[in-house]
Amino acid sequence: MNEKVSEDVKKVVTSGPTVSGMFAPDQENLVEPTSKSEEDYERCTQCGYCRLVCRVYNTTYAERDYAGGRNRILKSLKKKEIAFDKEKIIDAIYQCMLCGNCRTVCPSGIDTLEVFQTYRRTAVRKGVMPEKLQILKNSILTNKNPFLESGTDRFNWCDSQSCNEGHKAYERGAEHARKIAFGELKPSDIEEHLVGYFVGCTSAYRNNELSTATSRILDKMGVKFIVFPDEYCCGSVLFRTGLEDDAIELVHYNVDMIRKLGVNEIVFSCAGCFSTFTTEYNKFTEGDLGFELSHMVQFVPKVAKQKGLKIRYTKRTKEDPLIVTYHDPCHLGRYCNVYDEPRELIDMIEGVKLIEMKHNREMSWCCGAGGGVRALYGEISTDIASTRLDETVACWEDINEDRLKEAIETNAEVLVSACVFCKNNLHLAASQTKPDLPVIDLSQILEDCEFY
Ligand code: SF4
Ligand code: SF4
């Protein structure tokens, strides 16, 4: 166990009953989470099923790093068996990706994510916060992004030369906002189904390839979308790290800004923004956002079907497809139940073929970047990502068809995801351990597709 953990915490997590999770529970026997009780942890039986699936625990082997161990700490804190030590409790609180795999397997139906987010929120209110988080928080509140970048640079990615499609969407968005502000247009007068693209901080400031690809795909599909020149950070990182009190202001700002424009549907390329709108924004507006939410992996197949469009990957053929394996992002899968649509989308693309990894859908392993672990515990995050890469390679090794074996030898296959954080973390791990393995976002494949 990490030396930094307090003696109290060590005592708690090593003195309970033996943890027995030696096999995965049968999905059919699992109990659905029944409540959102902040004290769900009281129902923890220390069965240990969650220990088996927790990628953090299976990297650190520290008892406080999986749900059962953390629940034991919470119970002991409540009974005042251990003292709340601000400095020593930080790792026990933050070394969790909030990936939700423990919630999926918990036979007691504990909503572990609710428990852990409450734990973080309570800790922050008591003054516990890693130093790096304070910097991040200050940047979000001041600059409306976590990267210490100027708010006015948010749309630098879409000048007319680097991304003309995004540039046009920006001009349409600015003109639309101007007309609404000056009363030249009322939201109720808008007849078309108005689509807005919520870009998000990471795609805007760090991963322009996503915002550019998304703009080009929407344009190719004939969707006349707008972007929001007044967009602020969605607040995802604040929610996940216990800073919910600061995030609420962003929720109200973004919702009001979008509502005023009369937008009917928001599309996202960022799984983090999408899940924050779907879960937190819906919660704070009591399920009445006033506009639809779609991630690109949902929007593209939906519009393709509506318009009768076929999709063809221009770099390969039906006979010689690009073999991809899909990594389910926690924020799309376990958070929002989006499992089928990305697979359906890949199936729709002529020239691309999907092979599943062993751990997929509800039991997908986290990439290691969630819950602030990337920012606060970089090394652990990279170790976790590496195990996901091992599985990607293993999935190919299991393939029997000769053609696919040939394809492996060409190194043409790629690991795709639909979350910028998964892409970045898995790409970083690949660059250190498997440099021949391309890790890309699904939108980058779609960018090379024709829609006809
Ligand atoms: S959180 Fe659930 S799965 Fe984990 S030890 Fe407790 S009861 Fe078992
Ligand atoms: S949310 Fe993920 S990282 Fe956190 S305890 Fe559960 S399985 Fe482990």
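Three strands form an open sheet in the order β7-β5-β11, with mixed pairing; two strands pair if DSSP finds at least two bridges between them. Strands here (E, at least two residues) and helices (H or I, at least four residues) are DSSP runs numbered from the N terminus. The edge strands, each pairing on one side only, are β7 (349-350) and β11 (449-451). Strand β5 (residues 311-313) pairs with β7 in the parallel sense over 2 bridges. Arg312 has Glu350 in β7 as its bridge partner.

This is a predicted model, in which local features need pLDDT of at least 70 and side-chain atom pairs count only at pLDDT 80 or more, while totals for chains, interfaces and linings use all residues. Residues are numbered from 1 along each chain as its sequence is written, chains are lettered from A and ligands numbered from 1 in the order in which they are written, and side-chain values use heavy atoms, leaving out hydrogens and water.

Helix α16 (residues 340-348) contains Glu344. Because its relative accessibility is 29%, Glu344 counts as partly exposed (buried is under 20% relative accessible area, exposed over 50%, partly exposed in between, with a 1.4 Å probe and protein chains only). The C-alpha atoms of Glu344 and Leu354 are separated by 10.0 Å, and the two residues are 10 apart along the chain.

Around ligand 2 lie several residues, including Cys54, Arg70, Cys96, Gly100 and Phe116 (near is a heavy atom within 4 Å). By class, this shell around ligand 2 has 9 nonpolar, 1 polar and 1 charged residues (Ala, Val, Leu, Ile, Met, Phe, Trp, Tyr, Cys and Pro are nonpolar, Asp, Glu, Lys and Arg charged, the others, Gly among them, polar).
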